[in-house]
Structures are given as C-alpha cells and as structure tokens.
Amino acid sequence: MSRKRGDTAWFFWATLVLWSASIAYEVTVNRRMELSPVVAGFSFFQSANWTFRTVLSRDPLFVNTAVSLLHSSVISLSVLLILANQWMFNGLSKMLEHKQLFGGTWLGAYAALCFSCGYFAYDQMDMLRYRLYSGWFPSILAHHLVLLICFTLALYRHVTINYLILTLVCELHSIFLHIRKLRRMAGVRDAKNSIVKVEWMLNWATFLATRLVCHILITYKLIIDASKFGKGIELPLALFGMAGMNLLNVSLGLDLFKAYKKEKIQ
C-alpha cells in the first residue's frame, strides 16, 4: 500500500511541476502578465503558511486548514463583491446571458480566478509535502488537479471565466467546513454549545445554497445553453467538471450528515 501511495504522490508531483512550468513559460516567455496573480496567489498563501507555522502551530494539518480558511474567506468575499457589482450595474438577466458567462469577464473576475488558482497549486504542494491525504488515489488531490486544469485552460483561452466565478460561490460554505475542523482540533466538540449549534446551522444553510442548489443551477444553465457553445472542448469539459462537482457535493453532504449525527451523540 505504501508503494502505491508513493507512486500516486509522484504522479501528482509530476503534474504540479508541469503546471508550474506552463505558468512560468506563459508569464516569462509569452509576457502574459495578466497571469501574474496566479504567482501572487501561490506566494501569498505560502507566506501565510509560514506565518501560521511560526506564530500559531507547527502541526501541518492545523496550518493547512488555517490557510484554507483564509483562502475561503478571501475568495468568497471577492466573489460576492464581483457578483454584487454586476447585479447593481447590469442586472441579473444580463449577468446570466450566455455571451456574458462564456465570453465575458466581469470586473475583478480574472484576477480572482488567477489568485484562487495559485492557492490550489500551493495547497496541492502542501498536502503532498506533508502527506495530508489518504488512499492510493486521493480524491482531494484529484479534485485539485481537475480544478487546476479547468481554471488554467479557461485563463489561457479567456473563456468561461464568469462561469467559474459562479462555481466559487461554494467557498462560502468551505469557510464553515474549515471552522468546524479547526474547532474540533481545539477540542470544542460539545453539540449543546450554542456556538457549535450556530456553526452547524450556517454549515447546512451554506451547503444547500452555495453548493447543492448553485451547482445544480449552473449545470442546468450549461445544458439549456448547449447549442450556443461552439465545437471546442469547452462544453464537454464544463459538463464533466460540473458532473464531478455535483457528485462530490452529494458525497460531502452524506459525510456532513454522518458527522452531524456523530457529534450529536458525543
């Protein structure tokens, strides 16, 4: 089993190195400076990792979770501001037009997507470095790899940027996932605690709104607008990505329910 795990780690290390080389080539050789927030995002979250490790704890899992909470907070706030700005100035109907979602780029959307892409690269490296995963083919590493591929292709081709921004609304729910993880690491596990009750309410509310409902609606929008896509890989890749995300959401929902029941009887 340890040999298989090592082989898997090398696969993900190799894909991360290839991704890094591709970004470096685009920025330095092709002078695509609009991609520089990817590097900034990676550097920012790696610096946050070093800071938390120095100031708070040297436990790799605690530090990784704290940085993930920082990412979810920054990106969810950014996405909400981007969406609020578009809603105010353009209205909901224009925001959801196919040409806007597919070929348009809302103010701040490209930079936010780049910054988040940098985080996923950092997080992939951190989990590989400290082996913060389990199984011979870890779903979390596969999830990050798929996101890096989808995000990077979209950034290179300047398409589906706004669609991907909509998928990042789920980072609002991730905030409460990371808070719960940190809270349990701190030893706060009493289900009768009023703070824990409020946390669970927000956890379920944001899961239903920003993951389950939001991602189903995005998938529905892709399907009804399928004829408006060209003959490229964008539609198959988008449908494949959303199918994967919806399956992960179902799995996450089941895991949350089991965790909720377990915490209630403790």
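**View A. Helix 9 and helix 10 side by side.** Helix 9 (residues 171-185) packs against helix 10 at an angle of about 150°, and their axes are 8 Å apart. Axes here are lines fitted to C-alpha atoms, for helices over the stretch in contact, with angles running from 0 to 180 degrees between N-to-C directions. The two helices, helix 9 and helix 10, are therefore roughly antiparallel; that word covers angles over 145 degrees. Their crossing is left-handed, meaning that the near helix is turned anticlockwise from the far one by less than a right angle. Helices are DSSP runs (H or I, at least four residues), numbered from the N terminus. A note for every view: this is a predicted model, in which local features need pLDDT of at least 70 and side-chain atom pairs count only at pLDDT 80 or more, while totals for chains, interfaces and linings use all residues. Residues are numbered from 1 along each chain as its sequence is written, and side-chain values use heavy atoms, with hydrogens and water left out.

**View B. Helix 10 meets helix 11.** Turn now to helix 11 (residues 234-265), whose axis comes within 10 Å of that of helix 10, crossing at roughly 160°. Helix 10 and helix 11 are therefore roughly antiparallel to each other, and their crossing is left-handed.

View C. The side chains of Glu-263 and Arg-183 meet in a salt bridge at 3.1 Å, N to O. Glu-263 lies in helix 11 and Arg-183 in helix 9, so this pair ties together parts that are 80 residues apart in sequence. A salt bridge means a side-chain nitrogen of Lys or Arg within 4 Å of a carboxyl oxygen of Asp or Glu. Both Glu-263 and Arg-183 are buried, where buried means under 20% relative accessible area, exposed over 50%, and partly exposed in between (1.4 Å probe, protein chains only).

View D. A salt bridge of 3.5 Å, N to O, links the side chains of Lys-228 and Asp-225. Lys-228 is exposed, with a relative accessible area of 51%, whereas Asp-225 is buried at 3%. The whole structure holds nine salt bridges.

View E. Arg-31 sits in the loop between helix 1 (2-28) and helix 2 (36-55). Its phi is near 55°, a positive value in a residue other than glycine. Most residues other than glycine have a negative phi. Arg-31 counts as exposed, at 63% relative accessibility. Arg-32 forms a side-chain salt bridge with Glu-26 (3.6 Å, N to O), and both Arg-32 and Glu-26 are buried.

**View F. Thr-160 in its loop.** Look for Thr-160 in the loop between helix 7 (139-157) and helix 8 (161-167). Thr-160 has a positive phi, near 55°, and is a residue other than glycine. At 11% relative accessibility, Thr-160 counts as buried.

**View G. A nonpolar patch on the surface.** Tyr-220, Ile-223, Ile-224 and Leu-239 make up this patch, with about 380 Å² of accessible area together. Its largest share, three residues, comes from helix 10 (residues 194-224), and Tyr-220 is in that helix. Patch residues have over 30% relative accessible area and no salt bridge; nonpolar side chains (Val, Leu, Ile, Met, Phe, Trp, Tyr) are joined within 5 Å, like charges within 9 Å. Accessible areas come from the Shrake-Rupley method with a 1.4 Å probe; for residues, only the protein chains shown count as cover.

Technical notes: Parallel < 35°, antiparallel > 145°, perpendicular 65-115°, else oblique.
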